[in-house]
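This note is written for a colleague who is meeting the structure for the first time. Please read the points below with the sequence and the model at hand.

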Amino acid sequence: MAVSNDHKEKLEFIEEMTKNTDQVQAKVLSEILSKNAETEYLKRYNMEGATDRETFKAQIPIVTYEDLKSEIQRIAEGDKSPILAADPISEFLTSSGTSAGERKLMPTIEAELDRRQLLYSLLTPVMNLYVPDLDKGKGLYFYFIKSETKTPGGLVARPVLTSYYKSNHFKHRPFDPYNVITSPFAAILCQDSFQSMYVQMLCGLIYRDEVLRMGAVFASGLLRAIRFLQIHWRDLINDIETGTLNKAITDASVRESVQDILTPNPDLAKFISDECSVENWAGIITRIWPHTKYLDVIVTGAMAQYIPTLEYYSGGLPMACTMYASSECYFGLNLKPMSKPEEVSYTIMPNMCYCEFIPLEQSYGKATGNLVDLADVEVGKEYELVITTYSGLCRYRVGDVLLVTGFHNAAPQFRFIRRKNCLLSIDSDKTDESELQKGVERAAELIKPYGAGIVEYTSRTDTTTIPGHYVIYWELLVKEGGRWPEKEVFDKCCLEMEEELNSVYRQGRASDIIGPLEIKVLQSGTFEELMDYAISRGASINQYKAPRCVSFLPIIELLDSRVVSTHFSKGKPQWSPQRKEMK
Ligand code: AMP
């Protein structure tokens with residue numbers, strides 16, 4: 001396959017980094033430690049300028065976000081002294097992981113944008129090895145920005161992708177025939193998600209013959225786009241037929257961005273209308289965009305739940321999971337992007353940050369034992385990822401559990417197994433067990449006056465709806481003298497629970513990325529049946545606890561067959577971009 005000089009250089013870079021994994025890691029650590037030698041954090045732990053692994057591992061504790069909260073709060077309040085990093089903190093990246101219900105704030109430095117850009121620049125050369133002629137057409141990508149806030153000290157706080165799309169790195173990237181996208185910048189940068197999606201879809205339809213790949217960051221985002229088309233195709237074809245943009249698009253720069261490409265095209269309008277008006281949307285993606293070679297979406301981890309629906313709409317197109325990244329740091333890429341979702345492994349690029357690994361058996365509670373270096377992990381073992389970044393995170397537990405599946409040169413390849421403590425996730429929301437518990441407790445207050453209480457509960461996500469939503473199963477006990485609450489009370493319980501969930505969940509609800517929470521009330525005795533079932537499959541009676549989240553189909557079927565009433569949240573929980581004060 002033809003490989004341009006630029007692509008060749010990038011592929012050589014990957015080879016060089018992965019052949020010298022351990023040396024690169026030593027260099028990265030030494031660079032980070034020498035650059036940040038005078039920071040309050042490294043001085044506190046008596047590093048005294050040392051840059052070697054042994055001293056680092058002996059002196060620096062392994063931490064979680066909670067351990068760094070006071071440093072992060074000082075930075076947020078405007079303390080500009082070198083607390084964690086010597087370079088000035090340029091902004092905060094708001095992670096979808098939360099702390100006390102609010103997005104975690106990850107301090108970052110300007111230079112990290114270059115490192116992220118570098119990782120992005122490796123994706124196309126790798127993809128080009130597997131899929132030919134991507135320079136002969138366009139990519140239809142649905143990209144969105146989210147709202148941003150300022151911390152009391154004046155630093156911007158926003159998600160990492162919002163930061164990237166707004167950066168000059170993205171806006172002014174040099175023309176690259178392999179990376180031509182259908183969406184105008186103005187539409188991507190439009191804060192109003194309806195207008196943004198509308199115009200991105202419109203352009204995707206106009207360029208339908210040129211589209212070679214379609215994508216969004218996560219599978220959930222691509223399905224949202226399909227759902228949007230289902231709801232709005234009549235308006236979209238009207239625009240295409242008449243060559244005039246829907247009046248609902250009010251953002252001047254967005255209107256201007258389609259001025260030149262939106263011309264009356266009745267044939268195209270008729271074609272799309274014929275495709276969309278049929279009941280059966282199986283294979284709609286390849287019917288409307290017949291040259292699409294693959295879907296570019298992450299379907300690993302929590303996103304695996306969307307694979308069947310994406311297969312249905314795309315008629316079984318390959319799904320490429322290209323990279324593994326976080327707000328803390330971008331980690332690596334998939335060197336075989338066309339592999340099946342269940343076989344995807346990511347290669348951590350050793351130049352991005354210094355990585356250590358807690359063997360899974362040690363990773364519950366405080367990690368104390370020896371951590372394993374990137375080059376030394378063993379195939380077949382699971383580890384929790386710990387990183388040290390140029391932005392000043394030292395031995396920070398990311399919370400991801402990874403399985404080593406093999407090596408590319410000397411660089412290990414990892415399957416993403418799960419995020420620790422994440423029970424429920426629809427999009428980027430992550431709800432853990434204690435958050436779910438608090439939500440249930442708060443909602444239970446509403447049924448207390450009836451003498452009713454919740455004996456047991458469990459949960460799951462339901463992705464048969466678009467957007468998907470949380471389902472909570474309740475088994476109730478009504479005390480003597482009490483009575484069964486009315487339907488309206490259970491309906492209110494749904495919203496009450498949502499009010500208690502974290503801000504990423506509530507933001508998802510506010511923007512319809514997550515559907516209304518559902519409570520299913522069960523016949524009494526259902527959880528006992530569930531226990532009998534688990535025991536019949538080998539669970540120990542003494543140790544049995546009702547699972548707080550279920551995904552095994554026979555169990556879901558059992559629960560669903562015992563439902564006595566179903567309730568949905570009738571409103572939306574409160575959410576505002578403003579953060580609660582850090583405590
Ligand atoms: P955030 O900090 O909000 O950017 O979320 C980062 C987290 O998303 C990571 O720590 C992972 O848990 C998850 N994640 C990122 N990339 C992937 C991927 N390719 N597959 C599965 N999960 C991912």
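Throughout this note, contact means heavy atoms within 4.5 Å. The model is predicted, and local features need pLDDT of at least 70, side-chain atom pairs count only at pLDDT 80 or more, while totals for chains, interfaces and linings use all residues. Residues are numbered from 1 along each chain as its sequence is written, and side-chain values use heavy atoms, with hydrogens and water left out.

1. Phe228. This residue has its place in helix H11; helices (H or I, at least four residues) and strands (E, at least two) are DSSP runs, numbered from the N terminus. Phe228 is buried, with a relative accessible area of 10%, where buried means under 20%, exposed over 50% and partly exposed in between (1.4 Å probe, protein chains only). Leaving aside residues up to four places away in sequence, Phe228 touches Phe194, Met197 and Tyr198. Phe194 and Phe228 lie 34 residues apart in sequence and 9.1 Å apart in space, C-alpha to C-alpha.

2. Helices H10 and H11. Two packed helices are described by the angle between their axes and the distance between the axes. Helix H10 (residues 193–206) packs on H11 at an angle of about 70°, the axes being 9 Å apart. Axes are lines fitted to C-alpha atoms, for helices over the stretch in contact, and angles run from 0 to 180 degrees between N-to-C directions. H10 and H11 are therefore roughly perpendicular to each other; angles under 35 degrees count as roughly parallel, over 145 as roughly antiparallel, 65 to 115 as roughly perpendicular and the rest as oblique. H10 passes H11 in a right-handed crossing; a crossing is left-handed if the near helix is turned anticlockwise from the far one by less than a right angle, and right-handed if clockwise. Among the H10 residues that meet H11 are Met201, Leu202 and Leu205, and the H11 residues that meet H10 include Phe228, Leu229 and His232.

3. Helices H11 and H13. The axes of H11 and helix H13 (residues 266–276) come within 8 Å and cross at roughly 165°. That makes H11 roughly antiparallel to H13. Their crossing is left-handed. On the H11 side, the contact is made by Leu229, Trp233, Ile237, Ile240 and Glu241, and on the H13 side by Pro266, Leu268, Ala269, Ile272, Ser273 and Cys276.

4. The nonpolar cores. A nonpolar core is a set of buried Ala, Val, Leu, Ile, Met, Phe, Trp, Tyr and Cys residues joined through side-chain atoms within 4.5 Å. The largest one has 161 residues, and those with the most contacts inside it are Leu229, Trp289, Phe357, Leu385 and Trp474. Helix H11 (residues 219–242) gives the most to this core, contributing eleven residues. A second, separate core of 13 residues includes Val471, Phe527, Ala546 and Val550.

5. Two strands pair if DSSP finds at least two bridges between them. Strand S12 (residues 354–359) and S13 pair in the antiparallel sense over two bridges, and the bridge partner of Phe357 in S13 is Val372. Phe357 is also one of the residues touched by Leu385.

6. The four-stranded sheet. Four strands form an open sheet in the order S17-S18-S19-S20, with mixed pairing. The twist averages 25° from one strand to the next. Strand S17 (residues 452–462) and strand S18 (residues 469–478) pair in the antiparallel sense over ten bridges, and they form a hairpin with six residues between them. S18 and strand S19 (residues 518–522) pair in the parallel sense over five bridges. Trp474 in S18 stands opposite Tyr457 and opposite Val521 in S19. Helix H17 (residues 487–500) lies across S18, S19 and S20, running at about 55° to S20.

7. Helices H19 and H20. The axes of helix H19 (residues 526–536) and helix H20 (residues 553–560) come within 10 Å and cross at roughly 155°. That makes H19 roughly antiparallel to H20. H19 passes H20 in a right-handed crossing. In H19, Thr526, Glu529, Leu530 and Tyr533 meet Pro554, Ile555, Leu558 and Leu559 of H20.
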